[in-house]
Amino acid sequence: VTWITARGDLLATAFTLIALLVFMRHRTTPSRGSLLSLGLCQAAALFTKESGIAMILFLATADLAWLRPGPWRARHVWLPYVVCALVLAVYFFCRHLAFPANSLDSVGIGLPDLADRETYLRFVRRQLAYLSNLFPPLDAKVLDWRQPRGVPAGTLITAGFAVAAWAGALIWAVRRRRTSSLSPESRRAALFFGPVWYAVATVPLVMTYFSPRHLYPAAAGLVI
C-alpha cells in the first residue's frame, strides 16, 4: 500500500467496488442516474488501470451467482451491460489512437499460448503463488512459480495449505448450511465474494506479468 507506483491498482479496485455498489442499487431501483454513475466508474477504472476491463465480468458474475435480477430480456437487466460495453469501446478507441497496436505487449500483456503445456503449469504455479500472497501464513518467498521443471518444496507446502483450507471451508459451509438460518441470498453472496470473485480477479492475470499488487481486487473480495 505504501508503494506509490501501485496507486493505479488501488484506484482501479476502488472504482470497481463503487461500480458494484451502484450496480446493486440499479438492480433494486433502476434509474438513469445509476446508469450514468456506473458508466463513470467504469471509465475511471479503465483509464486508471487496464485491469478495469474485468469490471464487466464482476457485474455479470454478480448477476449469475448472486443477484439474479430476473428475465434477461427486461430492459433494466441488460441496459447496464450496454453502458459498460460503450465505455469499453471508447476506451479501446482512445487507446488505439494514443498507442501502437502492440502497446499491450510492450507492458507485458498478451494472450497465452493455449496449445503449450507449460502455459497450464505456469498457471497452476501462479495460482499457488497468489494464494501464498493472499494468506499470510503461506510464505511467498519459498515458491517460485516461474520454475519450468520440477516441483519445489514451497509449491508442495503451499498446495497442501491451500487444499486443506478449501476443504475445511467446504466442510464448514456444508455443516453450517444444515443448521444455519442464513437466507439463500446471503449464501449466494458468500459464494460470489468467495470462489467466484477470486476466479474472476485472478484467472485473467495469466495474460500479464506476476506482481502481488495485481491481487488487490482478489483481496477486496475475500475481505468482503
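Rings of Phe, Tyr and Trp, taking the six-membered ring for Trp, form an aromatic pair when their centres lie within 6.5 Å. With that in mind, welcome to this predicted model, where a search of the whole structure turns up 11 aromatic pairs.

Let's start with one of them: select F58 and W197. Their ring centres sit 4.3 Å apart, and the planes meet at 35 degrees, so this pair is tilted. Colour the helices and you will find F58 in α3 (residues 55-67) and W197 in α8, so the pair ties together parts 139 residues apart in sequence.

Next, select W66 and F193. Here the ring centres are 5.3 Å apart with planes at 65 degrees; planes over 60 degrees apart count as edge-to-face, so this pair is edge-to-face. W66 belongs to α3 and F193 to α8, so the pair links parts 127 residues apart in sequence. Both W66 and F193 are buried.

Finally, keep α8 (residues 184-202) in view and bring in α9 (residues 216-223). The two helices pack at an angle of about 175 degrees, their axes 9 Å apart, and α8 and α9 are therefore roughly antiparallel. To see the contact, show F193, W197, Y198, A201 and T202 on α8, with P217, A218, G221 and L222 on α9. Colour these residues by type and you will get seven nonpolar, two polar and no charged.

Technical notes
Residues numbered from 1 in each chain as written. Predicted model: local features only at pLDDT ≥ 70, side-chain atom pairs only at ≥ 80, totals over all residues. Heavy atoms only, no water. Axes fitted to C-alpha atoms, helices over the stretch in contact; angles between N-to-C directions. Helix = DSSP H or I, 4+ residues; strand = E, 2+ residues; numbered from the N terminus. Parallel < 35°, antiparallel > 145°, perpendicular 65-115°, else oblique. Contact = heavy atoms within 4.5 Å. Nonpolar A, V, L, I, M, F, W, Y, C, P; charged D, E, K, R; others polar. Phe/Tyr/Trp six-rings, centres within 6.5 Å; stacked < 30°, edge-to-face > 60°. Buried < 20%, exposed > 50% of the residue type's maximum accessible area, 1.4 Å probe, protein only.
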